[in-house]
Amino acid sequence: MKKIILSLAVVAIALTSCKGEKKVETKEEVKVEKKVTNPIDSYNANVAESLVTWKGAHPVGEGHNGNVKLEKGLFEVEKGVLKTGMFIIDMKSINCLDLKVEEGKEKLEGHLKAPDFFDVEKFPTAKFEVTSSEVKGGKLQVTGNLTIKDVTKSITIPATVTENGNDLTFKSEPFNVDRTDFGVQYKSGKFFENLKDKAINDLIGFSFEIKARK
């Protein structure tokens, strides 16, 4: 019997103009007191079956969407409670799905990977590391350190995890953080004047579904 034990909304890297979604407050990095240590209660992510997606847009006009591969993930559940975890995303795998080859796909992907954006040659991965979790208002809230471009901030996000025998699935709710908090300033109205309709929203959207097994 499936048992809903937690919730987690984490990783799918995305620039987004999701105006209806809540912005998550970023705080200073939280010290991680405990690492994943118990192989009996530990789950390893199946990267082939895990879904990481992104979408993004200018404040006006059509947006874009795509995915990013998960490099690895490991977390620990103890008596139905998420205790520790770390999830790593391969930023070099950023892929745009709504554009075709020779119709802008390569240009957009190249720009997202470029030094003025995510700079994937220098920062090839992003990371989320769980520091604590608690249930509030009937929904699990997970606090963790999010690292992008070697900048780490603490965020607290809502979430869901389904456990079924030795299998576990993380299914996120979308949430947004301000990309400029992580040093991604390209065409941000906070740093560049007179951009008008060429500006890019400061929010980064995250969502994913991760399959894992003991």
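The model is predicted, with local features requiring pLDDT of at least 70 and side-chain atom pairs pLDDT 80 or more, while totals for chains, interfaces and linings use all residues. Residues are numbered from 1 along each chain as its sequence is written, and side-chain values use heavy atoms, with hydrogens and water left out.

**The whole chain**

Helices (H or I, at least four residues) and strands (E, at least two) are DSSP runs, numbered from the N terminus. Of the 214 residues, 47% are buried, meaning under 20% relative accessible area, with exposed over 50% and partly exposed in between (1.4 Å probe, protein chains only). Switch to a surface view; the accessible surface is about 11400 Å², and carbon and sulfur atoms account for 49% of that (Shrake-Rupley method, 1.4 Å probe). Among contacts (heavy atoms within 4.5 Å) between residues at least 6 apart in sequence, 69% join residues at least 24 apart.

**Helix H1**

Select residues 105–113, which form H1, and colour its buried residues: Lys 105, Leu 108, Glu 109 and Leu 112. Looking down the axis, one finds these within an arc of 95°, so they line one face of the helix; the arc is that of the directions from the helix axis to the C-beta atoms. An α-helix has 3.6 residues a turn, so residues three or four places apart point the same way.

**Asp 116**

Continue to Asp 116, in the loop between H1 and strand E9 (125–136). Asp 116 counts as partly exposed because its relative accessibility is 36%. Show His 111 and Tyr 186, the residues that Asp 116 touches when those up to four places away in sequence are not counted. The side chains of Asp 116 and His 111 make a polar contact at 3.5 Å (a pair of N or O atoms within 3.5 Å; within protein, one must be able to donate a hydrogen and the other to accept it, and residues adjacent in sequence count only if both atoms are side-chain atoms). Tyr 186 lies 70 residues from Asp 116 in sequence, yet their C-alpha atoms are 6.1 Å apart.

**Lys 149**

Finally, select Lys 149, in the loop between strands E10 (139–148) and E11 (151–164). Its side chain reaches the backbone oxygen of Gly 183 at 3.5 Å.
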